[in-house]
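Hello,

I am passing a structure on to you, and my notes follow below it. Please have a look at it first.

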Amino acid sequence: MIYYVDLNSGDDTNGGTSNTDAWLTLSHANDNSVDGDTIRMVDGTYLLSSSEIWYLIGNRIYDSETPNGFVIDGNLADNGGVVPFPIKINVDTVDKTGSIAGWKFYQCTGPSPYNGAGMIAPNTGITTGKMSVKSCFFDDCTISGANGTGGLLYYYKTVGAGDPSISEMDGCLFRNLHTRQDSLYANNRASLQVYGKMDLKNCTFIKDKTFTYENEEILLSQTAGTSPGIITVDRCIFYNLTGATKGIFYSTDSRDNTTITHSDWKGYQGNYIPLNDGVDGNLVAETNPLMVDAINGNYELRPSSPCFID
């Protein structure tokens, strides 16, 4: 079953079965849906007016009417123009799969130190299930956090809880994603932070402006107890990320296992990562991906792009 939510003009007394009969709140949609249902956000821009915490239920799909048609706007201007209003999306992933697809996040910030780690994170802080984020657009988003608590996507696997849990990001675009580095916060924050396992595929990271506060690292694989972190990167583009002071790929533990295939990166590589240029289908570092018009926001690849793989 597909249910519709319109955060701007819906009504929880509606039937919720069409975009003109949409519910108003996610909590009502959660209470009136079951495993296997889709909760579809009606296209439009939702402006944050304060710090917000959203709760999503596992084994449901939260998507939008059209790709990136539903926009969460951090409302930077109304929050003083310094940092956007923070949002935290807690997902129930205890023996379940939490799924978000097709949302756009514009000038949003993670909640740390407001309410723990991660803009998108398991509700309990740990998980025995799976997190899936697909075809989302993160545009000019800021991550603020204390040591070890940053991260747009924060994923913590329960040690000893059976098969490795998986955090999956597929087909997402990250433009000007950055962390704040100032005297209030310690080091070791990352745009994507992993304790456990992450599959990153068909994603593009691009930077086309300079920030006062630069990235420390793009991906951070850390150890969960005695278990090394695992990241697999396939068919991804990391372009013009020269401000990452600790590199595109960075690990705090030499045991961490990161595999990169069919990918293109430009910027400081990082540490501990076995990059074998020209081997196993990897592209050569610093290759221009030949986007159609990156300056004006068209990140599609030209037919002559070296990133196309037979």
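**Salt bridges and cores**

Arg40 and Asp63 join their side chains in a salt bridge, 2.9 Å from N to O (a side-chain nitrogen of Lys or Arg within 4 Å of a carboxyl oxygen of Asp or Glu). This pair links distant parts of the chain, with Arg40 in strand β2 and Asp63 in strand β5, 23 residues apart (strands are DSSP runs of E, at least two residues, numbered from the N terminus). Arg40 and Asp63 are buried, meaning under 20% relative accessible area, while exposed is over 50% and partly exposed is in between (1.4 Å probe, protein chains only).

Please bear in mind that this is a predicted model: local features need pLDDT of at least 70, side-chain atom pairs count only at pLDDT 80 or more, and totals for chains, interfaces and linings use all residues. Residues are numbered from 1 along each chain as its sequence is written, and side-chain values use heavy atoms, leaving out hydrogens and water.

The salt bridges come to seven by this rule. Another one pairs Arg175 with Asp139, at 2.6 Å from N to O. Because Arg175 lies in strand β16 (residues 173–175) and Asp139 in strand β12 (residues 137–139), the pair ties together parts 36 residues apart in sequence. Arg175 and Asp139 are both buried.

As for the nonpolar cores (buried Ala, Val, Leu, Ile, Met, Phe, Trp, Tyr and Cys residues joined through side-chain atoms within 4.5 Å), the largest has 47 residues. Strand β7 (residues 87–91) gives the largest share of this core, three residues. A second, separate core has eight residues, including Phe137 and Tyr299.

Best wishes

Methods. Helix = DSSP H or I, 4+ residues; strand = E, 2+ residues; numbered from the N terminus.
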